[in-house]
Amino acid sequence: MLLKATFNKIILSLGMACVLVLPAVSSANERANLSDLNDFVANLNTFSAKFEQTQPDESLFALNRSTGYFAMKRPGHLLWVYKKPDPQKIIADGRNVWVYDVDLDQATVRALANVEADFPLSWLLYKEPLSERFNIIPGSVKDGVSWYNLTPKEGTFFQSLEVAIADGKMVQIWMYQNADNVTKVVFEDIKQNQPVRDQQFDFQPPKGVDVIGQALP
């Protein structure tokens, strides 16, 4: 799980980062229009969807598959829930990022500002031009889906992103840790710029759960 691995490694050793410039999706007859991606980012206020995530296992010869739910609200609020096979919640409440491992009865918290750069989805949380953080290369359009390559201008835990936009919505995101380790997330039942429950972005550790770190008030 890239998000899970990302936060675990950030929490244990913040600052592990390198940059690898990966090529954009190869060109087809039609080239993606950069304005479609920019419009999605500029007009985004809320987003929620179910997701299926695949990622190579440690051997790189098999895939780990996870399913769950994702919701976000600007500014700075996010919920990423792994339901199967290993339950886990990642919550950004505008100030803190919580990682709650249900099976371990453990929650870890860090200041959102300290982990934003290494969080693959932090670019969704604020109204800022993508060009401030990424070098963007429009890729191809396939079956009505426009692909874009985003490479961070500064070193981060992840090396590159591929973002797929269709009908003004983000339908897929691929997150590269390196050329051989790509986490692919496909969204469905997408609801964009519709009301979301604010309560889901608040996290109070359940009784008996070990808390690592100190939350900002």
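**Exercises: buried residues and nonpolar cores**

Pro-120 sits in the loop that runs between α3 (112-115) and β7 (134-142). Keep in mind as you work that this is a predicted model.

**Exercise 1.** Decide whether Pro-120 is buried or exposed, and find how far Pro-120 is from Leu-161 in sequence and in space.

*Solution.* Start with the cut-off: a residue is buried when its relative accessible area is under 20%. Pro-120 has 0% relative accessibility, so Pro-120 counts as buried. Next, compare the two separations. Pro-120 and Leu-161 are 41 residues apart along the sequence, while their C-alpha atoms lie 8.0 Å apart.

**Exercise 2.** Locate Gln-159, classify it as buried or exposed, and find what its side chain reaches.

*Solution.* Gln-159 belongs to the loop between β8 (145-152) and β9. Its relative accessibility is 7%, and therefore Gln-159 counts as buried. Now follow the side chain: that of Gln-159 reaches the backbone oxygen of Gln-177, at 3.0 Å.

**Exercise 3.** Describe the largest nonpolar core, then examine the contacts of Phe-187.

*Solution.* Begin with the core itself. The largest one holds 44 residues, and Phe-70, Trp-80, Trp-123 and Phe-187 have the most contacts inside it. Strand β9 (residues 160-166) gives the most to this core, contributing five residues. Then turn to Phe-187. Leaving out residues up to four places away in sequence, Phe-187 touches several residues, among them Phe-47, Phe-51, Phe-70, Trp-80, Met-170 and Ile-173. Finally, look for another core: a second, separate one has twelve residues, including Ile-91, Trp-98, Tyr-100 and Phe-203. As background, nonpolar side chains tend to be buried together in soluble globular proteins.

Definitions and conventions:
Residues numbered from 1 in each chain as written. Predicted model: local features only at pLDDT ≥ 70, side-chain atom pairs only at ≥ 80, totals over all residues. Heavy atoms only, no water. Core = buried A, V, L, I, M, F, W, Y, C linked by side-chain atoms within 4.5 Å. Buried < 20%, exposed > 50% of the residue type's maximum accessible area, 1.4 Å probe, protein only. Helix = DSSP H or I, 4+ residues; strand = E, 2+ residues; numbered from the N terminus. Contact = heavy atoms within 4.5 Å. Polar contact = N/O pair within 3.5 Å; in protein donor to acceptor, adjacent residues only side chain to side chain.
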